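Grab a pencil and work through these exercises with the model open beside you. Each task comes with a solution that goes step by step.

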Amino acid sequence: MVATILLYAGVALFCGCGHEALSGTVTILQNYFEVVRSPVDALDVFTMIDIIKYVIYGIASAFFVYGILLMVEGFFTSGAIKDLYGDFKITTCGRCVSAWFIMLTYIFMLAWLGVTAFTSIPVFIYFNIWNICQNDTVLEGASLCLDPRQYGIVPLAEAKTVCAGSEKFYRMCGSTELDMTFHLFICALAGAGAAVIAMIHYLMVLSANWAYVKDACRMQKYEDIKSKEEQELHDIHSTRSKERLNAYT
């Protein structure tokens, strides 16, 4: 339950804040760097942002379903341990499902580690821009420019620079879009980190449940063999008693 809540919170934070941060990035590029969308069907920065938004939609829906599946699997595994000595029998299919969830959760944990590393890139970029804006008084007379070509956002042939001391620079630094987008990317990074922690928590729980199920399966086999041997001893004793009774008669 704790891992599921943490997963939902992290995914919601990453998807919501990441989506809005990408929209803010589009606004900043269009208003201050004068980057325009390509009229032809080309893979420019705006098309890549749209693709990432669609990926975010898929992540939100996929992990909503996966969180429910993991929580249900955890409940059924706990029920299997609780009802071990009842009518419930641990099956090979159940053990395979638990092992499959462990492998899948491990893969998703590695994927979220990659997402966290990828999300840290825009945080670093916006931190540099935000830091320059916060120290604009120190930059008086300095020829320092922000060039999106350094990050591969625009082609090398296009010069879309914003230099310190210019009107665009002061308008961008004084706008709410820059500050909001920077903090939204930070929240998205925190959400991705929370999802990684949730995946690790899931792995701990699933591995513990797998060990419990494995030991319970061995105990179940032992109880079955013991019950069978006791039944055989009882049958032998009953047979010998009948033979003695017949002989006496």
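**Exercise 1. Which cysteine does C133 join in a disulfide, and what is the handedness of the link?**

Step 1. Look for sulfur pairs: a disulfide here is two cysteine sulfur atoms within 2.5 Å. C133 and C173 pass, with S to S at 2.0 Å, and the structure holds one disulfide.

Step 2. C133 sits in helix α3 (residues 92-134) and C173 in helix α4 (residues 167-173), so the bond ties together parts 40 residues apart in sequence. Helices are DSSP runs of H or I with at least four residues, strands are E runs of at least two, and both are numbered from the N terminus.

Step 3. Check the surroundings. Buried means under 20% relative accessible area, exposed over 50%, and partly exposed in between, with a 1.4 Å probe and protein chains only. C133 is buried at 8%, while C173 is partly exposed at 21%.

Before going on, a note on the ground rules: this is a predicted model, where local features need pLDDT of at least 70 and side-chain atom pairs 80 or more, while totals for chains, interfaces and linings use all residues. Residues count from 1 along each chain as its sequence is written, and side-chain values use heavy atoms, leaving out hydrogens and water.

**Exercise 2. Which segments does UniProt give as "transmembrane region", and what is the chain like over residues 54-76 and 97-127?**

Step 1. Read the record: the unreviewed UniProt entry places this feature at residues 54-76, 97-127 and 182-212. Positions follow the numbering used here, feature names are shortened, and annotations may be inferred rather than shown by experiment.

Step 2. Turn to the model. Residues 54-76 are 100% helix and 0% strand, with end C-alpha atoms 34 Å apart.

Step 3. Repeat for the next segment: residues 97-127 are also 100% helix and 0% strand, and their end C-alpha atoms lie 44 Å apart.
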